[in-house]
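Colleague: I would like to learn how to read a fold from its coordinates. Please take me through one case.

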Amino acid sequence: MPPLTAAETYLQDFHQRQVGVTSAAFAHLPAHAASATYASSYAALTSLVPGVNAPLSVLDLGCGDGYLLGLLAARQQAQLQLLGVDMSEAELAVARAALPASVWLQQGRGQALDVPDASIDCLVSHMALMLMDDIEQVVREMRRVLRPGGQFAAIVGRTFLLGEVNDVFMRVFKPIASDALPPLRFGDRRTGSEAGWRELLDAGFADVEFDDIDVPWTPTPTELWTALLDTYDIDRLDDIARQRLRSAFLDAVAPLQAVDGLIATGWGLRLVRARAA
């Protein structure tokens, strides 16, 4: 297996320092699709895993601190086999402490899964695939481990922030980033569009479907800034640039506050679904 890329090395370091930030950001917020509302974006994924009284294997790729696996384990389906793979040993340590011993966890990368061929019924992933390098190899590995007819479902990013706040943030962020942010590419641009996913899944998958999922949130400006500190690009800024951004952002979003001081925003996600051909 090739050595870690620069992006993977950074992601390992980030999740060593900031364990559980993904579940902290998304687990407590309801998620809205056109056809349904879910308790969270994690729940949107788990709703696609059949609740059957029959053998069923589920792999969570990029499982992080195990939050999604915990939702599935709480069902107590007698014949449900749960597996989780993540690159971060720190995240997996939290998952091991929280999950039942029957959940199989392994440190690994999506490009080379230590999972037998055609052994998985459902492969799910929450906010991880769009960060992975060599996504074509990841997709080949997903298809290899899925049984024919097996289901793939992933939550990925669609837009950074919902509403006018996104434009305001980008307007103040881009000039600071151009001066102070070292170049570092996360993942493959194709994972950010429906057309890109259709291209990636074309060879080994069928019945590709998409749902836009909004995760609305009404924080105060300070609460929003605190959440943004846990995003990769802001984390990568040096202290001086980060303080410049904080001041410029809080000034820029002040006119967007409602009378109660809150800002209407949230996170824009996409649900990708397909069947192993």
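Modeller: Start with burial. A residue is buried under 20% relative accessible area, exposed over 50%, and partly exposed in between, with a 1.4 Å probe and protein chains only. Here F152 is buried, and W197 is buried too. This is a predicted model: local features need pLDDT of at least 70, side-chain atom pairs count only at pLDDT 80 or more, and totals for chains, interfaces and linings use all residues. Residues are numbered from 1 along each chain as its sequence is written, and side-chain values use heavy atoms, with hydrogens and water left out.

Colleague: What percentage of the 277 residues of the chain count as buried?

Modeller: The share is 52%.

Colleague: How many helices and strands does the chain have?

Modeller: Helices (H or I, at least four residues) and strands (E, at least two) are DSSP runs, numbered from the N terminus. The chain has eleven helices and nine strands. Its radius of gyration is 19 Å, close to the 19 Å of the globule rule for 277 residues, so the chain is as compact as a globular protein of that length. That radius is taken over C-alpha atoms; the rule is 2.2 Å times the number of residues to the power 0.38. The C-alpha trace spans about 55 × 40 × 40 Å along its principal axes.

Colleague: How do strands β4 and β5 run, parallel or antiparallel?

Modeller: Two strands pair if DSSP finds at least two bridges between them. Strand β4 (residues 80–86) and strand β5 (residues 104–107) run parallel, joined by four bridges. L83 has W104 in β5 as its bridge partner. From β4 the chain passes through helix α5 (residues 89–98) to β5, a right-handed β-α-β crossover. Right-handed means that, with the strands pointing away from the viewer, the path from the first strand over the helix to the second runs clockwise.

Colleague: How many aromatic pairs does a search of the whole structure find?

Modeller: Rings of Phe, Tyr and Trp (its six-membered ring) pair if their centres lie within 6.5 Å; planes under 30 degrees apart are stacked, over 60 edge-to-face, the rest tilted. The search finds 15 pairs. One of them, Y10 with Y232, is edge-to-face: 6.0 Å centre to centre, 85° between the planes.
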